[in-house]
Amino acid sequence: MIVAKRKPLDEIKEMLKPYNKILVLGCGSCVAVCMAGGEKEAGLLSTELQMAFEMDKTLPPSGGTPPGSAKQIDTITILRQCDREYIDEVKDKLVQYDAILSVACGVGVQFTAEVLNGEKVLLPGLNTTFLGATKEPGMWVERCLACGDCILDETGGVCPITMCSKSLMNGPCGGHEKGKCEVDRNRDCGWVLIYERLKKLGKLELIKDIKLPKNYGAVKRPDKIVHEAYQVVGKEEVKK
Amino acid sequence: MSKLGEALKSGKFVITSEVGPPKGINMTSCLDEAKHFGEKVAAINVTDIQSAVMRVGSLATCIKLKERGYEPIMQMVCRDRNRLSLQSELLNAAVFGIENILCLTGDHQTLGDHPQAKGVFDLDSVQLIATAKGLMEGKDLAGNKLDGIPTFFLGGVVSPGLDPVELQIIKLEKKVRAGARFIQTQSVFESDKFRQFIDKVHSMGINIPILAGIIILKSVGMAKFMNENVAGVFVPDNLIKEMKETKDKQAKAVEIAARIIREVKPYCQGVHIMPLGWGHLVPEIIKQAGLSLTPM
C-alpha cells in the first residue's frame, strides 16, 4: 500500500488560513489502513482544526491581522481518490467548498484536483512517504521503490534497490556493521538480509554474478499503463 | 603504464599514501602534506568528496599532484554522479594523464555536511570498475565507440574486518572479475585477523595485489571514535593503552603504524598509509617499518 503521514497541524492551519468553508476529504483505501487519512483520521483532523481555529479567535490579534474568523469545516470520505467514479459521486458536494483539504496520498490529491479541473483549490493534508507493508500493528515499513524492473528472483525476495540505502546491486558497501546500515544503526543492512536469505535458500551463487547497471529508464516517469483489453488500434488510450 | 602498476608488477612492497582536498580553493596545506611523502611513496590517493563533505574535487587535486611530479590515484565514488558524469570524469582524468582510479561506493550523503542532497548511486563500485574497463576497450556503457581510448589502472577497496566476511569476499571477487588490478583495504589494527582474511581470499582463488590500510592512530579519542563510528575498524585495547600511557603521541603513532606494517607485510603486496593530516610522519613510519624510501 501507499504509506503516508499527516502533515503537522500548524502547516495545515497555515494552508487553510485564506479559506472559510473547508472540506476535509478522506480516502478509504491505503491511507485508511496506515491510519493517516481514512474516515476516522479525516474526522479527527477536522475536529482538531475546528478547535485550533476557535482558540485563535480568543487570542488577541497580532500585527493588525483580525482574529481567526469563523470557519466551517466538514468531512467526507470516499473509497478511493485515485478512481474517478468515487470522486464523481461527490463532485457536486466538493464544489460547494472554498478549499478541499485532501488527506489522500499525493496521487489522490492530484487526481481529485484533476477531476475538479481548477474549479476548487485542493490542498494536501499528508506527506506521502513510501510503498510499504504493515510490519506490526501501527508500524509500516518501506518495501518497494516501484522501479519497473523487478529482480527479486535474484536476491531471495529482498530488494537491494529498496532495502539498501544506496540501492547497490553487487553487494554491500563498507559502511554496514553488525548487520546494520551506516545511515541508521537501527536499520538492517539490505545486503546482509539478502545474503542471509539466500544462504538459507541454498542459493548464494545468485549474488556471485556481476549485475549490470540498472535500467533506470524502465519507468518513463511520469509513466502510464494501458491494459491490453483497453488498447484501441490507432489510439493510445480509451477516453471516457 | 601507470607507475603504480609498474611498482606492483616489480614485486616490490608498495607503499601508497593519501591526501584529502580542502574545503575552499586554498590548496596549500593539502599539497604541503603531499610534499612530506610524495617522493617516498609509489602513489598518492586523492579522496573524492570524502565523508560526503563538500570540497575540491579529486581530479583537480590529482592534476596538481601530477604537476609536482607525484603519482596520483584518483578516487571516485558513486554517490554524486550518474553514469554519464562518471564516464565523462574518467575521460577527463585520462585527458590529464591520470591512470590510477580507485572505485568506491562512497559514504551516504546523509552522513555529510549536505544531508538533504539527493544521492545518485546510479552505478555501484563493481559496475564502475566494469565501466572504466569498458572505456579502456574503446566502448562506453551504451556500447558506443570512443574516439581516443583511455588507459587506466583500476583499483577497488575491501573491508577485512566486516562480517559476514564471505559477503565481503564475494564482492571483492566481483571487483577483480570486473577489472580491478589492485585493492586497498580499510584500516587494519589487528594483524592476526588481517592474515585470516587474506587466507580466506587466497582460499577462494582470488589473486590480486592487496595493500593493507594503515591509519595513523593519533590519540585515544580517535581510537574510541573509530571503534564506535567507523564500520569495520577496530582498535584493540592494548593499542589504546599504549596511546594512553605515552608522553610522545607522535612517536607512539609512528611506532604503532610501523609495527602493524611489519606484521602484515608477509601477507600483502603493500600498504596504504592514511595520515589524516599527520603526513610528516609518513617517512619515519616507512623507515621504522624497515622499508625503502625510494619507491620505484
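Let's begin in chain A, where four strands form an open sheet in the order β3-β2-β4-β5, with parallel pairing. At the edges lie β3 (72–78) and β5 (121–124) of chain A, each of which pairs on one side only. On average, neighbouring strands of this sheet are turned by 25° against each other, direction ignored. Keep in mind as you look around that this is a predicted model.

Now look at one pair of strands. Strand β2 (residues 21–27) of chain A is joined by 4 bridges to strand β4 (residues 99–102) of chain A, and the two run parallel. In this pair you can find A:Leu25 standing opposite A:Ser102 of β4(A).

Helices also pack on the sheet. Helix α4 (residues 84–94) of chain A touches β2, β3 and β4 of chain A, and its direction makes about 165° with that of β3(A). Helix α5 (residues 106–116) of chain A touches β2, β4 and β5 of chain A, and its direction makes about 180° with that of β5(A).

Next, move to chain B and find helix α7 (residues 191–203), which has 13 residues and reaches 18 Å from its first C-alpha to its last. Which residues of α7(B) are buried? They are B:Ser191, B:Phe194, B:Phe197, B:Ile198 and B:Val201. Seen down the axis of α7(B), these buried residues fall within an arc of 115°, so they line one face of the helix. Among the elements covering them are β5 (153–158) and α10 (249–264) of chain B. The face turned away from the buried side of α7(B) carries the exposed residues B:Asp192, B:Lys193 and B:Ser203. Just after α7(B), B:Gly205 takes a positive phi of about 80°.

Note on methods:
Residues are numbered from 1 along each chain as its sequence is written. Chains are lettered from A and ligands numbered from 1 in the order in which they are written. This is a predicted model: local features need pLDDT of at least 70, side-chain atom pairs count only at pLDDT 80 or more; totals for chains, interfaces and linings use all residues. Side-chain values use heavy atoms; hydrogens and water are left out. Two strands pair if DSSP finds at least two bridges between them. Axes are lines fitted to C-alpha atoms, for helices over the stretch in contact, and angles run from 0 to 180 degrees between N-to-C directions. Contact means heavy atoms within 4.5 Å. The expected span of a helix is 1.5 Å times one less than its number of residues. Buried means under 20% relative accessible area, exposed over 50%, partly exposed in between (1.4 Å probe, protein chains only). The arc is that of the directions from the helix axis to the C-beta atoms.
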